[in-house]
Every structure is written in structure tokens, then in C-alpha cells.
Amino acid sequence: MVDPVWAGVIGTAVGALAGSATSLLSPLILWRTESRRLEVEHSNAVALSETQHNQELERLAEEGKQADQEYRRRLISQWRDGLEKAAEELRQREYQESIDHVVPDLPNLQAMQWFASLRPHLNPSLDWVTVINVGVCYAYSHSDGPELAAEIARIEREWGLV
């Protein structure tokens, strides 16, 4: 058997050792716990930031797409208005010809601003588009109206506006 004094000394030593180990290990345990908590918070913050960034990119892409579609709608509208004005100008010139008996110059498509923005989108296989692309002065006539209107409608369909 162990002497009660030695039992007390051993118990005190074990208690002191356990207490000092706890007091020494406690900051280490707290530091590791806090470190893991901060790692989790950091990874959550990164994930949230990436999600918000991706959502912002999607929103900006959608806004850009809408702005592009609106721009294209305005172009289509300008082209149709320009085509209507060219036809009206031709009618006025023909009316003036009937009064003055002088053959007027036909409206030059290439001099019209709306046509300049339409020209790159025209189907290059059309005969009169080839003439225009060579740089020859191209005068608007009644037969051009339906073809240009059909080209504008084709472009509108290609752009997904209808």
C-alpha cells in the first residue's frame, strides 16, 4: 500500500500537472478553434463574393444584350424611315418632272445617312448591292423599295427582333 502522505503528494503533483497542462494547452486549443472559424468565415466570404460577382456579370451581360437589342431596333426603325423618305423624295421629283417636264436626278442612296448604316448588313449576293459596293453612284428607284424592305425584314429576323 501507498503511504497516505505519498498519495497526497502524488495526487497534488498529478493535479498540478493536469492544471498546468490545461492552462498551457487552453490558449493553443482556443487559437486552433479561432483559426478554423476564421478559415470557414474566409471561405464563406470568398464564395459569397464570387457569387455576387457572377450575378453582377450576368446582370451586366443582360443589360448589354438589352442595350444591343434596343440599338438594333432603332437602326431598323431608322432604315424603314429612311426608305420611306427616299420613296417620298422620288415621288416628289417625279411630280416635279410632270410639272416642269425636266427629268430630275434620282435620289442617290449612297448619299443617305441611313443607307450607310444599312449597307454593311445587306446580302452581298444581290446584284444592286454588288454595284453599290464597287462604288458606283446608285440612284434609288421604285423597284428598290420592295427589295430594301425585304432586306430590312431579313436583317430584323436574323437579329431576333420579330
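Colleague: Leaving aside neighbours within four places in sequence, what is Glu 156 in contact with?
Modeller: Glu 156 is in contact with Ile 76, Arg 80, Leu 161 and Val 162 once those neighbours are left aside. Keep in mind that this is a predicted model.

Colleague: Okay, and where is the place of Glu 156?
Modeller: Glu 156 sits in helix α4.

Colleague: Is Glu 156 buried or exposed?
Modeller: Buried. Its relative accessible area is 13%, and under 20% counts as buried.

Colleague: Let's zoom out. How many helices and strands does the chain have?
Modeller: There are 4 helices and 0 strands in the chain. Going along the sequence, the pattern reads α-α-α-α.

Colleague: How do the axes of α1 and α4 sit, and at what angle do they cross?
Modeller: Helix α1 covers residues 4-100 and helix α4 covers residues 144-158; their axes come within 11 Å and cross at roughly 175 degrees. That makes α1 roughly antiparallel to α4, because angles over 145 degrees count that way.

Colleague: Which residues make that contact?
Modeller: From α1 you have Ile 76, Trp 79, Arg 80 and Leu 83. On the α4 side, the contact is made by Gly 145, Leu 148, Ala 149, Ile 152, Ala 153, Ile 155 and Glu 156.

Colleague: New topic: rings. How many aromatic pairs does the structure hold?
Modeller: The structure holds 2 aromatic pairs. One of them is Trp 79 with Trp 159: the ring centres are 5.7 Å apart and the planes are at 45 degrees, so that pair is tilted.

Colleague: Where do Trp 79 and Trp 159 lie?
Modeller: Trp 79 is in helix α1, while Trp 159 is in the segment after α4, so the pair ties together parts that are 80 residues apart in sequence. Both Trp 79 and Trp 159 are buried.

Colleague: What about the rings of Trp 114 and Phe 115?
Modeller: Their centres are 5.8 Å apart with the planes at 85 degrees, so Trp 114 and Phe 115 form an edge-to-face pair. Trp 114 is buried at a relative accessible area of 12%, and Phe 115 is buried at 1%.

Colleague: How are the C-alpha atoms of Gln 69 and Leu 161 separated?
Modeller: By 7.4 Å, although Gln 69 and Leu 161 are 92 residues apart along the chain. Leu 161 also turned up among the contacts of Glu 156.

Colleague: And for the whole chain, among contacts between residues at least 6 apart in sequence, what share join residues at least 24 apart?
Modeller: The share is 69%.

Colleague: Last one: of the 162 residues, what percentage count as buried?
Modeller: Of the 162 residues, 19% count as buried. As for surface, the chain exposes about 11700 Å², with carbon and sulfur atoms supplying 60% of it.

Note on methods: Residues are numbered from 1 along each chain as its sequence is written. This is a predicted model: local features need pLDDT of at least 70, side-chain atom pairs count only at pLDDT 80 or more; totals for chains, interfaces and linings use all residues. Side-chain values use heavy atoms; hydrogens and water are left out. Axes are lines fitted to C-alpha atoms, for helices over the stretch in contact, and angles run from 0 to 180 degrees between N-to-C directions. Helices (H or I, at least four residues) and strands (E, at least two) are DSSP runs, numbered from the N terminus. Angles under 35 degrees count as roughly parallel, over 145 as roughly antiparallel, 65 to 115 as roughly perpendicular and the rest as oblique. Contact means heavy atoms within 4.5 Å. Rings of Phe, Tyr and Trp (its six-membered ring) pair if their centres lie within 6.5 Å; planes under 30 degrees apart count as stacked, over 60 as edge-to-face and the rest as tilted. Buried means under 20% relative accessible area, exposed over 50%, partly exposed in between (1.4 Å probe, protein chains only). Accessible areas come from the Shrake-Rupley method with a 1.4 Å probe; for residues, only the protein chains shown count as cover.
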